[in-house]
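Please open the structure in a viewer and keep the sequence at hand.

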Protein chains: 2
Amino acid sequence: MKKDEFVKEITNIDDDFARWYTDIVIKTELADYTDTKGCIAIKPYGYSIWENIQNYADNLFKKSGVKNTYFPLLIPESMLQKEKDHVEGFAPEVAWVTEAGEEKLEERLCIRPTSETIIMTMYKKWLSSWRDLPFVYNQWCNVLRWEKETRPFLRSREFLWQEGHTIHETKEEAIERTLKMLEIYVDVAENFLAIPVIKGIKTETEKFAGADRTYTIEAMMYDGKALQLGTSHYFGQNFTKAFDVKFQDRDGKQKYPYQTSWGISTRMIGAIIMAHGDNRGLKLPPKVAPIQVVIVPIAIHKDGVKEKAEEIYNSLKNKYRVEIDLKDQVSPGYKFNYWEMKGVPIRIEIGPRDIENGVCVVVRRDTLEKSIIKLEELENYIDKLLNNIHENMFEKCKKRMVQKTTTASNLEEFQNNMNEEQGFIKAMWCGSSECEAKIKELTTAKSRCMPFEQENIGDVCVCCGKKANKMVIWGKQY
Amino acid sequence: MKKDEFVKEITNIDDDFARWYTDIVIKTELADYTDTKGCIAIKPYGYSIWENIQNYADNLFKKSGVKNTYFPLLIPESMLQKEKDHVEGFAPEVAWVTEAGEEKLEERLCIRPTSETIIMTMYKKWLSSWRDLPFVYNQWCNVLRWEKETRPFLRSREFLWQEGHTIHETKEEAIERTLKMLEIYVDVAENFLAIPVIKGIKTETEKFAGADRTYTIEAMMYDGKALQLGTSHYFGQNFTKAFDVKFQDRDGKQKYPYQTSWGISTRMIGAIIMAHGDNRGLKLPPKVAPIQVVIVPIAIHKDGVKEKAEEIYNSLKNKYRVEIDLKDQVSPGYKFNYWEMKGVPIRIEIGPRDIENGVCVVVRRDTLEKSIIKLEELENYIDKLLNNIHENMFEKCKKRMVQKTTTASNLEEFQNNMNEEQGFIKAMWCGSSECEAKIKELTTAKSRCMPFEQENIGDVCVCCGKKANKMVIWGKQY
């Protein structure tokens with residue numbers, strides 16, 4: 001295969017972003033389509049990214065007092081129906097088990113689209129006194145939502161996620177937990193995946209089915225579209241009342257606890273691809289990259305080259321996730337392109353002349369900059385460079401988000417901005433779902449959130465012109 | 001609650017072992033029954049045990065070259081039917097999705113009972129050359145088998161497990177992988193869970209549906225019954241031919257690779273309960289225990305007691321999984337019983353007189369022995385004691401297995417032994433499935449395995465008296 005064949009195989013990112021995306025998923029071996037329609041198989045390289053996200057997030061969860069659990073995959077139909085808004089939101093997209101063990105079931109069982117209902121039936125069983133509270137439980141599991149149009153990682157019928165479900169003695173404590181989890185998701189997105197996010201509250205139309213309030217983190221992808229990276233919901237007592245979850249409070253009275261739930265999913269992998277990737281392929285943030293450093297020997301059959309490459313590998317492997325590419329049926333140029341496509345943050349090249357000079361060539365994936373580094377300084381250099389790459393990737397995304405965010409004070413401006421350059425629009429909103437629906441109809445942009453950081457950009461609704469005191473971020477979505 | 005109330009709540013282990021078992025599961029909060037019939041919810045204490053098993057096993061897997069992946073939950077009916085023996089074995093116990101997204105499906109989808117079939121369809125897609133081999137992939141996931149009678153952890157309709165699926169260029173390499181994984185399972189059982197096992201091969205009747213050969217590790221529980229802890233299957237080319245998985249070999253010819261699969265599940269948690277527990281409750285092997293050491297202050301309101309307890313806690317918490325019980329609404333006696341029931345390997349008691357003397361009391365759960373230990377020697381002592389507890393628990397199980405294993409040379413002896421003391425019986429077998437069936441009918445004991453370590457105990461079949469050269473271990477099973 002020639003030096004640039006990988007690149008040719010990948011659709012140009014500016015020609016057809018959607019095709020570029022699926023090319024990346026398939027060619028870099030993150031995942032593949034299966035014969036179960038709408039469901040993907042996650043391959044080792046993709047799953048390894050998910051494991052890294054899991055480890056990082058789970059560690060933060062546990063530090064904040066979250067305990068892991070596991071609840072059944074199948075939910076009886078009558079249980080799903082107990083909370084009105086919830087069943088309306090989810091029933092249309094669930095899969096039903098109607099036969100099992102060669103018999104027709106008396107009651108249909110749905111495959112969980114999310115587990116609020118079944119978890120509440122257990123919380124009812126387990127809760128008796130205020131002393132038992134809070135329950136701060138999470139599960140890492142698979143869920144199923146029967147989507148009509150699917151895309152790997154972004155919208156798959158089955159996906160992997162974590163769903164945390166908590167109940168608390170007081171409203172304040174529940175809201176505190178909702179926000180605490182949102183902060184953890186910000187940490188995962190920004191500090192681990194180098195993706196800047198906007199924190200905010202979803203509008204009534206966009207909130208989770210059955211929730212009082214949905215908090216969200218929203219990120220901007222390469223093409224200016226929005227991707228929701230994580231949500232944290234405050235339910236008040238909606239479900240605890242519907243499921244009759246009660247406790248005896250300090251004053252001896254029976255009360256309903258306050259509930260939250262929150263989740264992030266394998267969609268995060270889609271975000272990494274679309275926030276950072278380019279025409280050469282994936283560009284993985286160093287902390288999540290399954291391989292952080294790849295060593296490619298040049299003129300591998302020359303005396304001492306392979307040995308030196310292995311020496312470098314051995315000196316780094318306990319500190320970083322390192323790979324050494326000793327294949328001899330392909331050229332170094334092929335390898336460079338291959339590992340760039342795979343998004344490995346740092347490549348080390350070492351050949352006979354480098355060895356003579358006691359140096360190696362270090363190439364960073366984010367900028368493709370090359371540096372000649374003395375071998376004795378390599379380990380320290382890698383350390384700094386990985387941090388530097390993370391910062392640089394984060395800043396690049398941030399800059400794009402700033403550049404592609406405009407403000408609009410009326411519908412015409414809104415439409416022009418959305419047509420000219422896809423991105424985020426900041427605009428005031430009166431709070432009516434009619435205006436939200438009209439904007440969506442005219443522009444296909446949806447309200448992403450009411451950001452925590454409100455700005456003073458006007459006082460009338462971008463749609464109806466009536467008095468408005470909420471600034472909303474709008475954008476097209478995945 | 002009084003000092004010994006926990007113990008009263010638990011059925012006596014020798015009166016009714018089955019009820020003792022479910023009492024332990026519920027009272028120690030490992031898991032609970034749910035409204036999804038035959039499915040349990042795994043509570044934090046139980047799930048934490050599973051996480052520890054996962055971490056230990058996954059680390060061994062990765063060291064041996066296994067990569068994690070994820071394949072779809074749902075398998076189209078036509079796919080399940082491609083391998084004749086496999087579908088015969090599993091079709092009767094699967095659950096079928098027939099409706100989804102408010103529509104009737106054209107083809108039924110089963111919830112995976114195991115994933116050989118769907119994984120083979122992907123391997124067919126991914127494999128082209130001998131250079132691609134081996135595929136050594138695993139997934140940690142949930143599976144569903146519609147069992148008629150269920151018991152928490154031991155036989156649950158849904159359970160968590162890992163299933164590894166590999167394909168190899170040669171038969172030898174595949175068999176090597178099958179045995180390698182069996183060795184890893186032995187490591188998990190013996191070195192991590194302190195449960196001695198017998199390694200062997202399943203008979204034709206008992207092997208996995210579709211496999212050529214099933215290797216197993218079998219353990220003996222408190223009541224002498226057998227529990228299969230893990231299996232590793234060699235398939236030959238059965239599935240690769242059925243699914244047309246081919247590769248171009250070094251000689252340029254198209255060939256079918258050789259396949260293996262292997263799994264361990266949350267049943268391991270059941271094994272821990274039944275191999276080690278007693279009338280006081282759980283007895284957790286130190287390496288898997290979510291809490292290894294619990295500190296219980298005596299006379300908590302006396303000057304300096306709480307502080308000293310916390311000092312000990314802080315000195316241990318970075319090295320061990322430690323908990324400190326500062327509850328003040330219950331007595332120390334209550335706490336002792338509670339933590340014994342929870343199976344925590346080591347309890348540290350510290351009161352005013354101990355503090356004066358610069359000591360604490362250390363109680364080990366396995367023998368209930370108490371020792372007075374100088375505070376400055378505590379950390380080292382704990383280290384040794386945890387190892388010692390592991391060894392002692394292992395030896396105790398081993399001794400039971402030896403004591404409860406008898407030999408039988410004819411059917412009468414077999415029946416007598418099985419009636420007298422439930423346990424394992426070593427007996428010669430001619431290899432016919434009729435003899436196996438007859439023994440099962442007469443005694444309800446099944447062949448557990450043909451152990452690797454064969455012994456010279458006779459040369460005629462225990463059932464038919466014909467020539468026999470295989471020694472089989474028989475036992476009643478869970």
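Contact here means heavy atoms within 4.5 Å. The model on display is predicted.

**First stop: a loop tryptophan in chain A**

Select Trp146(A), which is found in the loop that joins strand E7 (135-144) and strand E8 (158-168) of chain A. Is this side chain buried or exposed? Trp146(A) has a relative accessible area of 11%, and because buried means under 20%, Trp146(A) counts as buried. Now display its surroundings. Neighbours within four places in sequence aside, Trp146(A) is in contact with Glu93(A), Ala95(A) and Arg157(A), and also with Leu74(B), Ala100(B), Gly101(B), Leu105(B) and Leu109(B). For a distance check, select Glu158(A) as well: twelve residues separate Glu158(A) and Trp146(A) in sequence, and their C-alpha atoms are 8.1 Å apart in space.

Next, select residues 103-111 of chain A, which form strand E6. Strand E4 (residues 74-76) of chain A pairs with E6(A) in the antiparallel sense, over three bridges. Within this pairing, Leu74(A) has Ile111(A) as its bridge partner.

Remain on strand E6 of chain A and centre the view on Ile111(A). Its relative accessibility is 0%, so Ile111(A) counts as buried. Which residues does Ile111(A) touch, apart from those up to four places away in sequence? In chain A they are Leu73(A), Leu74(A), Val94(A), Ala95(A), Val97(A) and Leu144(A); in chain B they are Leu73(B), Leu74(B), Val97(B) and Ile111(B).

Move to helix H14 (residues 411-420) and helix H15 (residues 433-443) of chain A, which pack with their axes 10 Å apart and at an angle of about 40 degrees. H14(A) and H15(A) are therefore oblique to each other. Their crossing is right-handed. On the H14(A) side, the contact involves Leu411(A), Phe414(A), Gln415(A) and Met418(A); on the H15(A) side, Lys438(A), Ile439(A), Leu442(A) and Thr443(A). By class, the contact of H14(A) with H15(A) comprises five nonpolar, two polar and one charged residues.

Turn to chain B and colour its open sheet of eleven strands, whose order is E3-E7-E8-E14-E11-E10-E9-E22-E23-E21-E20 and whose pairing is mixed. The edges are strand E3 (67-68) and strand E20 (405-407) of chain B, each pairing on one side only. Within the sheet, select strand E7 (residues 135-144) and strand E8 (residues 158-168) of chain B, an antiparallel pair with ten bridges. Here Cys141(B) has Trp161(B) of E8(B) as its bridge partner. Helix H9 (residues 267-276) of chain B packs on the sheet, where it touches strand E11 (226-236) and strand E14 (258-265) of chain B, and its direction makes about 145 degrees with that of E11(B). Finally, select helix H15 (residues 433-443) of chain B, which lies across strand E21 (424-429), strand E22 (446-451) and strand E23 (470-475) of chain B and runs at about 150 degrees to E21(B).

Technical notes
Residues are numbered from 1 along each chain as its sequence is written. Chains are lettered from A and ligands numbered from 1 in the order in which they are written. This is a predicted model: local features need pLDDT of at least 70, side-chain atom pairs count only at pLDDT 80 or more; totals for chains, interfaces and linings use all residues. Side-chain values use heavy atoms; hydrogens and water are left out. Two strands pair if DSSP finds at least two bridges between them. Helices (H or I, at least four residues) and strands (E, at least two) are DSSP runs, numbered from the N terminus. Buried means under 20% relative accessible area, exposed over 50%, partly exposed in between (1.4 Å probe, protein chains only). Axes are lines fitted to C-alpha atoms, for helices over the stretch in contact, and angles run from 0 to 180 degrees between N-to-C directions. Angles under 35 degrees count as roughly parallel, over 145 as roughly antiparallel, 65 to 115 as roughly perpendicular and the rest as oblique. A crossing is left-handed if the near helix is turned anticlockwise from the far one by less than a right angle, and right-handed if clockwise. Ala, Val, Leu, Ile, Met, Phe, Trp, Tyr, Cys and Pro count as nonpolar, Asp, Glu, Lys and Arg as charged, and the others, Gly among them, as polar.
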